[in-house]
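Trainee: I have a model open on my screen and would like to talk it through. Could you guide me?

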Amino acid sequence: MTISALNTLLERRHSCRAFRPDPVPKAQIEQILSSASCVPSWCNAQPWNVTITSGEATDRFRHALQNEAQTGTPAPDLPFPTSYTGVYQDRRRACGWALYQAVGVERGDRTASARQMTENFALFGAPHCAIISSPSELGPYGALDCGGFITAFTLAAQALGIATIPQAAVAAYSPFLRQYFQIPDDRLILCAISFGYADTDHPANAFRTDRAPLGDIVEWHG
Ligand SMILES: Cc1cc2nc3c(=O)[nH]c(=O)nc-3n(C[C@H](O)[C@H](O)[C@H](O)COP(=O)(O)O)c2cc1C
């Protein structure tokens, strides 16, 4: 029973890239945050801190972020991956192509793919955005703990019929986010999660990613 309920959530969750504008009731956002807070963290430090926008505050942020993405320079607090090679490159390409195919971007059409990429800065039309940060002094393990929180956030939201997308693209503009939301200097900005109700008719939501078979990810001993 329990594993099948969990599997249902895991299988139904996907990254949503087109939202309806309807707001999520605050009590449901609080429920998502309380559920996500149940994840383990080293020494139970619970390093996650969440800055959440709703209503007009989301629209003001969206416009400011779009402006920053056009005029500013990316400077993420957490270094972005230096490269994707081998299977990681293959998987990255597969999910990128699946998205482009869904929204009608031809392979090699860099203008159209860049335009799709900028949807990140419109928060894919979501009515809410959560910015996740972790204390710098906790280093990569603080970020690791927050990764668990982010995943649990997406699953708790799914359990309430609320769609999500974690976005490192937003964290590319960490200095801007820090200033805009007055996030203290001693915290690392890790990523955003845009969330709300999915626009299920939008082509960007019409594809799903797959996963490598266990044989590709596990080495058994004994
Ligand atoms: C930490 C993190 C950062 C991500 N950043 C972005 C992003 O900036 N833009 C985007 O479109 N998707 C982003 N994603 C979503 C991934 O592309 C997505 O999780 C992956 O392709 C698997 O698809 P699924 O979430 O639909 O299962 C991010 C996911 C994670 C976990």
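Mentor: Gladly, and let's begin with a definition: a residue is buried if 20 or more other C-beta atoms lie within 10 Å of its own, exposed if 12 or fewer, and partly exposed in between, with C-beta atoms placed from the backbone. This is a predicted model, where local features need pLDDT of at least 70, side-chain atom pairs count only at pLDDT 80 or more, and totals for chains, interfaces and linings use all residues. Residues are numbered from 1 along each chain as its sequence is written.

Trainee: Is arginine 12 buried or exposed?

Mentor: Arginine 12 lies in helix H1, residues 2-12 (helices are DSSP runs of H or I, at least four residues, numbered from the N terminus). Arginine 12 has 12 other C-beta atoms within 10 Å, so this residue is exposed.

Trainee: How far apart in space are arginine 12 and leucine 155, C-alpha to C-alpha?

Mentor: In sequence, arginine 12 and leucine 155 are separated by 143 residues. In space, their C-alpha to C-alpha distance is 9.1 Å.

Trainee: Which residues of H6 make the contact with H2?

Mentor: Contact here asks for C-beta atoms, placed from the backbone, within 7 Å. On the H2 side, the contact is made by Gln31, Ile32, Ser35 and Ala36. On the H6 side, the residues are Phe149, Ala152, Phe153, Ala156 and Ala157.

Trainee: What does the C-alpha trace span along its principal axes?

Mentor: The protein has 9 helices and 4 strands (strands are DSSP runs of E, at least two residues). Along its principal axes, the C-alpha trace spans about 55 × 45 × 35 Å.

Note on methods. Contact = placed C-beta atoms within 7 Å.
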